[in-house]
Amino acid sequence: MKPLANADLLKSPTLIKISALLLLTVASFYLGKHWSNDSYHQLLFFSSSSSATSGTSIPKISISPNSNKTFNLSAIIPSNHTTTQPPNPIPIPSESNPPPPPPIQSFGIVDENGAMSDDFEVGEVENVEDWGNQTETVESESDGESKPKKFRIKKFGMCPESMREYIPCLDNADAIKKLESTERGEKFERHCPEKGNGLNCLVPPPRGYRQPIPWPRSRDEVWFSNVPHTRLVEDKGGQNWISRDTKDKNKFKFPGGGTQFIHGADQYLDQISKMVSDITFGKHIRVAMDVGCGVASFGAYLLSRDVLTMSVAPKDVHENQIQFALERGVPAMAAAFATRRLLYPSQAFDLIHCSRCRINWTRDDGILLLEINRMLRAGGYFAWAAQPVYKHEAALEEQWTEMLNLTTSLCWKLVQKEGYIAIWQKPLNNTCYLSREAGTKQPLCDESDDPDNVWYTSLKPCISRIPENGYGGNVPSWPDRLHTPPDRLQTIIFDSYIARKELFKAESKFWNEIIGSYIRSMKWKNMKLRNVMDMKAGFGGFAAALNDHKLDCWVLNVVPISGPNTLPVIYDRGLLGVMHDWCEPFDTYPRTYDFLHASGLFSVERKRCEMSTILLEMDRILRPGGRAYIRDSIDVMDEIQEITKAMGWHTSLRDTSEGPHASYRILTCEKRLLKA
């Protein structure tokens, strides 16, 4: 048979009929889909029949005969039958199908659109309402039948409500009662509980405690419920220290004033820097001390000028001033000028400031001003704002004369007196001291005296010598001094087979890399760090790394007495630090630090005291919602984890960057808000 040409194929009756059938089928499908809705309950059936004449199949459409009828199906469904819905499919996250972003929560004063707003949400900390105040113990495995049973703490109970602001070494009423004298302020110094009588419970927060307002807003306001005391408002409200918010009674406001600078700290600081051209904040002046600091507005406003200020005051009638300072996010410690050296090294501060600090500097032949002289850097400045400077009453003029005579005997130079402020400068060397007449009061200390020996060391009625080699007095300006190995590095006593400068640089590099990895992997820039403590600081490399990575926080570098005294190096770098024994409580209020860092601390201190002693103290000073990173050897981690669990902390054990076979681990901890 002759094959069909293309034109003939297209004219074939069979192909035409098939095409028509397909088009009709598709059209019927779409029409049926369109009519099949809630208002048109009809079923359409498609069929075909053969034509008698042509023998071809003809498609037909018919409507179901039951289209207008309804049926009750409940009669044929069992009564115990339940309808189950198929689960919604869960999309698998991938690069092409990322998980949906979390809802936006505002934790500051900038909303999701980048606009400034007063209406913001402060992040919540986890609540555990029923923690209880009973300590629970369980029996440990016995070492043998002949030995007594041992017990371990399964859960530490909450302390009584009366201990919510407990500072163990400053609130030891029994020890204070036994003091022979309190006329020189002895009751404001450290009097720690005897060994075995220390803290054995968890210090509770005040009712209504909230996560602190973040910095920098906290400089100007804090939650009333976190520091629920109005004594300072009543005593100092008229001097612009602090006020209760008239619109929101849940907050304290800090206008930024002080007793001698009621018009604000910024104006006051401008005046000081204009009085002496060499007082260049953030360059030549980097580390300062504010004595009798009040609520620390002087130090709070110096922070914006790149100056770190150690604000100190005793726990006296204004007993919550240091607590307010730390709640604001400003460096501060409870400390008193009484009978012992303060816990800071010699030549630590570029500027020491006292504004109506209620200290009699001339008592006992000026022994308290001699302590200021010890801590003041060679060439540093002492600023005194007080009534004897500017008032002309007979008694006050006599006090001014006594102060002039005392400072002259210390070889201090009165460089400027203006209004109610007088500023002196300490000499750069011992030349003036050596040229004084024999028998002049306030003699030079013996060469055997160590001016950096401060732990429970009594004040000495002598002038601390300035090193002949100029160490401590010739530090570079900020920020160069942060990474310049200081001269006093050579005076640190410790075993080393490597040059000290290499050790200094190696520590800085190590922590810079570690902090960088924490920022990348643990999102440190989202943690809102503000008040940070490095519990075993070394040369201060951890704090320097936080500064290098632009984390907006300050660090208190603690140097334990069990190791070499590196405090002079820390201050020469332009950082803050303090000496401490971690087998004793620390001189700060509860709930004052956001982050505690302990590297290699427990493996050393466990030879001297129980690890629970240190961890309970960490719990006391850490804020609810705060974190602790413990980096230490594997053999101490099990016990640390057991104790932190008993304190209600959330913990996670991680490998270091060296990998799973390294001898060190990192325990990341988070303190929860517990309630009895």
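## Questions about a predicted model

Val317 is partly exposed, with a relative accessible area of 44% (buried is under 20%, exposed over 50% and partly exposed in between, using a 1.4 Å probe and protein chains only). This is a predicted model, in which local features need pLDDT of at least 70, side-chain atom pairs count only at pLDDT 80 or more, and totals for chains, interfaces and linings use all residues. Residues are numbered from 1 along each chain as its sequence is written, and side-chain values use heavy atoms, with hydrogens and water left out.

Biologist: Happy to start there! Which residues does Val317 touch, not counting residues up to four places away in sequence?

Modeller: Val317 sits in the loop between strand 10 (308–313) and helix 7 (321–328); helices (H or I, at least four residues) and strands (E, at least two) are DSSP runs, numbered from the N terminus. Its C-alpha atom and that of Arg231, 86 residues apart along the chain, are separated by 8.9 Å. Counting contact as heavy atoms within 4.5 Å, the residues that Val317 touches are Arg231 and Arg358.

Biologist: What is the bridge partner of Glu221 in strand 8?

Modeller: Let's begin with the sheet, an open one of 3 strands in the order 6-8-7, with antiparallel pairing. Its edge strands, each pairing on one side only, are strand 6 (221–223) and strand 7 (243–244). Strands pair if DSSP finds at least two bridges between them, and 3 bridges join strand 6 to strand 8 (residues 251–253). In strand 8, the partner of Glu221 is Lys253.

Biologist: How far apart are the end C-alpha atoms of helix 12?

Modeller: Helix 12 (residues 500–522) has 23 residues, so at 1.5 Å a residue it should span 33 Å. That expected span is 1.5 Å times one less than the number of residues. The model agrees, since the end C-alpha atoms are apart by 32 Å.

Biologist: Are helix 16 and helix 17 parallel, perpendicular or oblique to each other?

Modeller: Good one! Helix 16 (residues 611–621) and helix 17 (residues 634–646) pack at an angle of about 45°, with their axes 10 Å apart; axes are lines fitted to C-alpha atoms, for helices over the stretch in contact, and angles run from 0 to 180 degrees between N-to-C directions. Angles under 35 degrees count as roughly parallel, over 145 as roughly antiparallel, 65 to 115 as roughly perpendicular and the rest as oblique. Helix 16 and helix 17 are therefore oblique.
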